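Notebook open. I want to go through this model piece by piece and write down what I look up.

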Amino acid sequence: MIFRQLFDNVSGTYTYLLASRRGGEALIIDPVLEKVDRYLQLIHELDLKLVKAVDTHLHADHITGLGALRDRTHCITVMGEQTKADVVSMRLAEGDRLTVEGVSLDVLYTPGHTDDSYSYVMGDRVFSGDTLLIRGTGRTDFQNGDPRAQYDSIFNKLLKLPEDTLLFPAHDYKGETVSTIGEEKAFNPRLQVKSAEEYAALMNNLNLPNPKMMDVAVPANMKVGLAQGEIARRGWAMNAEDALALVGRPDVAFIDLREDTERAKHGVIPGSVHAPYPNLPADIAPGGKLQELAAGKRLVFYCAFGERSAMAVQAAQHARVESSCHLQGGIDAWKKADGPLLR
Ligand SMILES: [Fe+2]
């Protein structure tokens, strides 16, 4: 198991790099834009392939590295389904699993610090974002924060984990690196309350100044999506209504880039070929299954929201699959257009 805790001393952010082995797939949690070169160097040194970049929530104190990592590694960007960030190519919800090769994290929805805050549990450890910090908790006074929701997330979800679960938060400002659920239960001053009301009163009286970066970071973090307009201008995008007319045509192949869990949860466009996004480089290379398919058919890539498919169509065009295009807005747009789905 490869596990690295990386620190950005400007924002006090912890970033976590996880992989099951050298040479294998990796995921990164809460990357900071200014540190992207450092992450990529480490990923290269450990011979890893970055497959997913995850933010626990929309950050107000630093600009996310998600967009830069996507641009430089073509990784999948992940956040919770409530998020307002446009960068996200895969959205998770409570009960889902976040996986790369040999690594699986359980997804917990833990709102309160923000309404898009998630925690991720992997065996003996939990990545708690800014929901639960070491001897503290994330502030609840902006970004749709809610102290009662946070009380529920902490007391009814995080503190229900085994006491020896290691706690790895998204921030620390005092130099602490790790704690346990049991330690926080006993010694975290914010958790020594008898009710949600008492906790809310405590949180509502903190009177904290806004983060220095907030006015820059929040709007920036909401707009790190791919330049979808440029892809459309090149004629590589198709809206859901136009794509609907192509279902069942023998000269068209819908290519589903999503994972099995997403397919099972949301359904599949009838007649699609499953080609998971992480395998795309091999599938689109000469001799790959998509190259062969493209000899007789027009490829229409799709995913959940159109972000992975936008990257796929760029790769396909680069590989000279010139008739390929992608479904703008993904399955989300397809559903809104009442497109048929198989389960
Ligand atoms: Fe935060």
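The donors of the iron ion follow the spacing H-x55-H-x16-D along the chain. His113 sits in the loop between strand E8 (103-109) and strand E9 (118-122), and Asp130 in the loop between strand E10 (125-129) and strand E11 (132-133), so the pair ties together parts that are 17 residues apart in sequence. I then listed the protein donors with their atoms: His57 (NE2), His113 (NE2) and Asp130 (OD), at 2.1 to 2.3 Å from the iron ion. Donors here are N, O and S atoms within 2.8 Å of the metal (3.2 Å for Na, K and Ca); water is not among the atoms, so sites may look incomplete. Helices (H or I, at least four residues) and strands (E, at least two) are DSSP runs, numbered from the N terminus.

I noted the ground rules before going on. This is a predicted model: local features need pLDDT of at least 70, side-chain atom pairs count only at pLDDT 80 or more, and totals for chains, interfaces and linings use all residues. Residues are numbered from 1 along each chain as its sequence is written, and side-chain values use heavy atoms, with hydrogens and water left out.

Are His113 and Asp130 buried or exposed? Both His113 and Asp130 are buried. Buried means under 20% relative accessible area, exposed over 50%, partly exposed in between (1.4 Å probe, protein chains only).

**Entry: whole chain.** I counted 13 helices and 19 strands in the protein chain. With 343 residues, a compact globule would have a radius of gyration near 20 Å; I found 21 Å for the protein chain, which agrees. That radius is taken over C-alpha atoms, and the globule rule is 2.2 Å times the number of residues to the power 0.38. Along the principal axes, the C-alpha atoms fill a box of roughly 65 × 45 × 35 Å. Buried residues make up 55% of the 343. I also checked contacts between residues at least 6 apart in sequence: 63% of them join residues at least 24 apart. Contact means heavy atoms within 4.5 Å. The accessible surface comes to about 14,600 Å², and carbon and sulfur atoms hold 52% of that. Areas come from the Shrake-Rupley method with a 1.4 Å probe; for residues, only the protein chains shown count as cover.

Entry: I followed the pairing from strand E3 (residues 25-29). E3 and E4 pair in the parallel sense over five bridges. Two strands pair if DSSP finds at least two bridges between them. Ile28 has Ala53 in E4 as its bridge partner. Right-handed means that, with the strands pointing away from the viewer, the path from the first strand over the helix to the second runs clockwise.

Strand E4 (residues 49-54) pairs with E5 in the parallel sense, over three bridges. Here Ala53 stands opposite Thr77 in E5, and Lys52 has Ile76 as its bridge partner. E4, helix H2 (residues 66-73) and E5 make a right-handed β-α-β unit.

How covered is E4? Five of its six residues are buried. In strand E5 (residues 76-80), five of the five residues are buried, so E5 is largely enclosed by the rest of the structure. E5 is also joined to strand E6 (residues 90-92) by three bridges, and the two run parallel. Val78 has Met90 in E6 as its bridge partner.

**Entry: a five-stranded sheet.** I found an open sheet with the order E15-E19-E18-E16-E17 and parallel pairing. Its edges are strand E15 (237-238) and strand E17 (273-274), each pairing on one side only. Strand E16 (residues 252-256) runs parallel to E17, with two bridges between them. Ile255 and Val273 are bridge partners there.

**Entry: phi.** Most residues other than glycine have a negative phi. I logged Arg135, with a positive phi near 60°. Arg135 is in the loop between E11 and strand E12 (136-137). Arg135 is partly exposed, at a relative accessible area of 28%. I logged Asn144 too, with a positive phi of about 55°. Asn144 lies in the loop between E12 and helix H3 (147-156).
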